[in-house]
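Dear colleague,

Please find below the sequence and the structure that I am handing over to you. My notes on what was found in it follow directly after.

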Amino acid sequence: MSRSALVGNVTAMLADAGFLVSDRCAVRPKSFDLAARRGDDVILVKILGNIDSFDGATGAEMRRLGTYLDATPMVIGLRTRDEDLKPGVVYFRHGVPVLSPDTAMDFFVEDVPPLIYAAPGGLYVSIDGDVLADARKQRDWSLGRLATELGVSRRTVSKYEDGMNASVEVAVRLEELFDAPLTHPVDVFETEEHRDGDSTPEDPEAGPDDKPLVAVLTRVGFDVHPTLRSPFKAVSEDDERREALLTGHSEFDRTAEKRARIMSSVGEVTRTQSFYVVDRAKRERVDRTVLIEREEVERIDDAEDLRDLLRERREDVEEPA
């Protein structure tokens, strides 16, 4: 399957699952291909044939964007260089969950969450330690008896009951022994436990062309988070209101217009505003993305001035639900 066809299939699947899906981020470089929202759940999706091409820098940017936009970064892919991704399994690359299209279909459309995750050493499941302990006690089995049945140590059984994850083989054997479900599904929207305690990667340094705009926005009261692989140059957060703005800048040409349209679409999904700074603007906006001339930005005194300007130029645009 071509990557273009895969992107189309994933887009259609998310739409069928009730997501509002952004336009494809058809600019390079790009850390994600689509943004999608269903209710309060927002995802940033990278779509790949071979997930081995997903590198650490892209993973770091997706995780940063997830923090700033209150979204879950995610990769949907077909295979590694060695094998196809297994259905019902969540993989991880650089702290980002990775699903096959079948797993994503089950999760988003059929509401069947994955039970298995891949980690160094094999495939694992999360054991509900309290349920396991109750089941063992109801059988009047000691830790030692259960350890013998599983072929593990008594200490290992104790750790399972304390919440340690188990291999798929052990989980299957446990459920056979007690004839009851004992596992937790993988919460694709909450995957911190699989990141080995890694905090959100630090922001990259702004590029030389970006620093003047970063300085202006910082002066008027924004925390500016530069990006390197997104259709926008930065995510800017108001110090007081903590609301994100997608921010871009360049000469206004066809590429800039394309980026502004993508920013508009992503902003609608993530419930954020977007603005694009240009040298000269012949109109006030591109879709929902407000165009602001560089001289106007330099005259802004504080964050509320900027928000008033954005509001004025978007006043006849319907706000996203």
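Leu291 is buried, as its relative accessible area is 1% (buried means under 20% relative accessible area, exposed over 50% and partly exposed in between, with a 1.4 Å probe and protein chains only). The residue belongs to strand S16, residues 289-293; helices (H or I, at least four residues) and strands (E, at least two) are DSSP runs, numbered from the N terminus. Leaving out residues up to four places away in sequence, Leu291 touches Phe252, Tyr276, Ala281, Arg283, Glu284, Arg285, Val286 and Arg313, where contact means heavy atoms within 4.5 Å. Between the C-alpha atoms of Leu291 and Gly66 there are 25 Å, and the two residues are 225 residues apart along the chain.

Please note that this is a predicted model, in which local features need pLDDT of at least 70 and side-chain atom pairs count only at pLDDT 80 or more, while totals for chains, interfaces and linings use all residues. Residues are numbered from 1 along each chain as its sequence is written, and side-chain values use heavy atoms, with hydrogens and water left out.

As for the chain as a whole, its secondary structure comes to 11 helices and 16 strands. The C-alpha trace spans about 75 × 40 × 35 Å along its principal axes. The chain has 321 residues, of which 50% count as buried. Of the contacts between residues at least 6 apart in sequence, 59% join residues at least 24 apart.

Ser22 lies in the loop between strand S1 (20-21) and strand S2 (34-38). Apart from neighbours within four places in sequence, Ser22 is in contact with Leu34, Ala35, Ser265, Val266 and Val269.

I turn now to the aromatic rings. A pair of aromatic rings is described by the distance of the centres and the angle of the planes. Rings of Phe, Tyr and Trp (its six-membered ring) pair if their centres lie within 6.5 Å; planes under 30 degrees apart count as stacked, over 60 as edge-to-face and the rest as tilted. By this rule there are six aromatic pairs. One of them joins Phe107 and Phe108, a tilted pair with 4.9 Å from centre to centre and 55° between the planes. Phe107 is buried at a relative accessible area of 12%, and Phe108 is buried at 3%. Phe107 also pairs with Phe189: the centres are 5.7 Å apart and the planes stand at 45°, so this pair is tilted. Phe107 is in helix H3 (residues 101-109) and Phe189 in the loop between strand S10 (183-184) and helix H8 (211-219), so that the pair links distant parts of the chain, 82 residues apart. Ring pairs link Phe19, Phe107, Phe108 and Phe189 into a cluster.

Lastly, two helices deserve a look. Helix H5 (residues 143-150) and helix H6 (residues 154-161) pack at an angle of about 100°, their axes being 8 Å apart. Axes are lines fitted to C-alpha atoms, for helices over the stretch in contact, and angles run from 0 to 180 degrees between N-to-C directions. H5 is therefore roughly perpendicular to H6 (angles under 35 degrees count as roughly parallel, over 145 as roughly antiparallel, 65 to 115 as roughly perpendicular and the rest as oblique). In this contact, Leu143, Gly144, Leu146, Ala147 and Leu150 of H5 meet Arg154, Val157, Ser158, Tyr160 and Glu161 of H6.
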